[in-house]
Amino acid sequence: MYQGIFSAVADINSDGDKDIVVTPNNSLVDTFVTIPAGSTNVIVTTAADEDDGTRDPAFGTGTSLREAWNFVLSTNNIFNVRTINFAANMAGQTITFNRSAVSNGLGATALALTGGKSVTIQGLTGNSGVTLDGDSSYRHFFVDANATLVLNDLTVRNGYPGVDTTHGGAVFA
């Protein structure tokens, strides 16, 4: 049985709808993310590359791309959320990866997608979009053969192609 706390909060993505904060309490991993009511996406609200490991919204700087990614791939994702969006305050922001999810001999990778999962990251449209920066130290994404990653309206730069520079600086699939 799923147990969690659901509470309405302010309109954080400026779409005119109330958003829902989901705080599951049935696992060892605390997940605190914002999910717009009636939709199947999670909203990134900070450019920090953090995973603060707490369900307290006052801790950390908001919902990061890494936290949204981890939620979408978690077993706590009872809504089957598969799309990550960005709040309006993220316009013109750069997310610089500063930690690795996997290092598989091909170089450090910020976010990994395996196990036949499908994720869409929907950036902001217009000239003031969101940039994902690998800091020339991290490949942005690893996507295994059975998984699907869709990137829309994002700038991806400064990826790390691995030690032999032949394995994709942005996406290794």
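1. A word on terms before we start: a residue is called buried when its relative accessible area is under 20%, exposed when that value is over 50%, and partly exposed in between. Please keep in mind that the model is predicted.

2. Now the overall make-up. The chain has 1 helix and 14 strands. Of its 173 residues, 40% count as buried. Among contacts between residues at least 6 apart in sequence, 62% join residues at least 24 apart. The accessible surface comes to about 8200 Å², and carbon and sulfur atoms hold 49% of that area.

3. The charged pairs deserve a look next. Side chains of opposite charge can pair when their charged atoms come close. The count here is 2 salt bridges. One of them joins R66 to D49, with 2.7 Å between the closest N and O atoms. Are the two partners buried or exposed? R66 has a relative accessibility of 5% and therefore counts as buried; D49, at 6%, counts as buried too.

4. D133 and R157 form a salt bridge as well, their closest N and O atoms being 2.9 Å apart. This pair links distant parts of the chain, since D133 is in strand β10 (residues 130-133) and R157 is in strand β13 (residues 154-157), 24 residues apart.

5. Strands of a sheet pair through backbone hydrogen bonds, either parallel or antiparallel. In this model, an open sheet of 4 strands runs in the order β4-β5-β9-β12, and its pairing is parallel. Which strands stand at the edges? They are β4 and β12 (148-152); each has a single partner strand, so one side of each is left without a neighbour in the sheet. Neighbouring strands of this sheet are turned by 20° against each other on average, direction ignored.

6. The pairings can be followed residue by residue. β4 and β5 pair in the parallel sense over 4 bridges, and N41 has T83 in β5 as its bridge partner. Strand β5 (residues 83-86) also pairs with strand β9 (residues 118-122), in the parallel sense over 2 bridges. There, T83 has T120 as its bridge partner in β9.

7. One more remark on β4. In a regular strand the side chains alternate between the two faces of the sheet. Both faces of β4 are covered: N41 and I43 lie on one side, V42 and V44 on the other, and all are buried.

8. Finally, the surface. L151, V156 and V171 make a nonpolar surface patch of about 180 Å². V156 is in strand β13, and its relative accessibility of 30% is why V156 counts as partly exposed. Strand β13 also holds R157, the partner of D133 in the salt bridge described above.

Methods:
Residues numbered from 1 in each chain as written. Predicted model: local features only at pLDDT ≥ 70, side-chain atom pairs only at ≥ 80, totals over all residues. Heavy atoms only, no water. Salt bridge = Lys/Arg side-chain N within 4 Å of Asp/Glu carboxyl O. Buried < 20%, exposed > 50% of the residue type's maximum accessible area, 1.4 Å probe, protein only. Pairing = 2+ DSSP bridges. Axes fitted to C-alpha atoms, helices over the stretch in contact; angles between N-to-C directions. Contact = heavy atoms within 4.5 Å. Areas by Shrake-Rupley, 256 points an atom, 1.4 Å probe, with all protein chains shown as cover. Patch = residues over 30% accessible without salt bridge, like charges linked within 9 Å, V, L, I, M, F, W, Y side chains within 5 Å.
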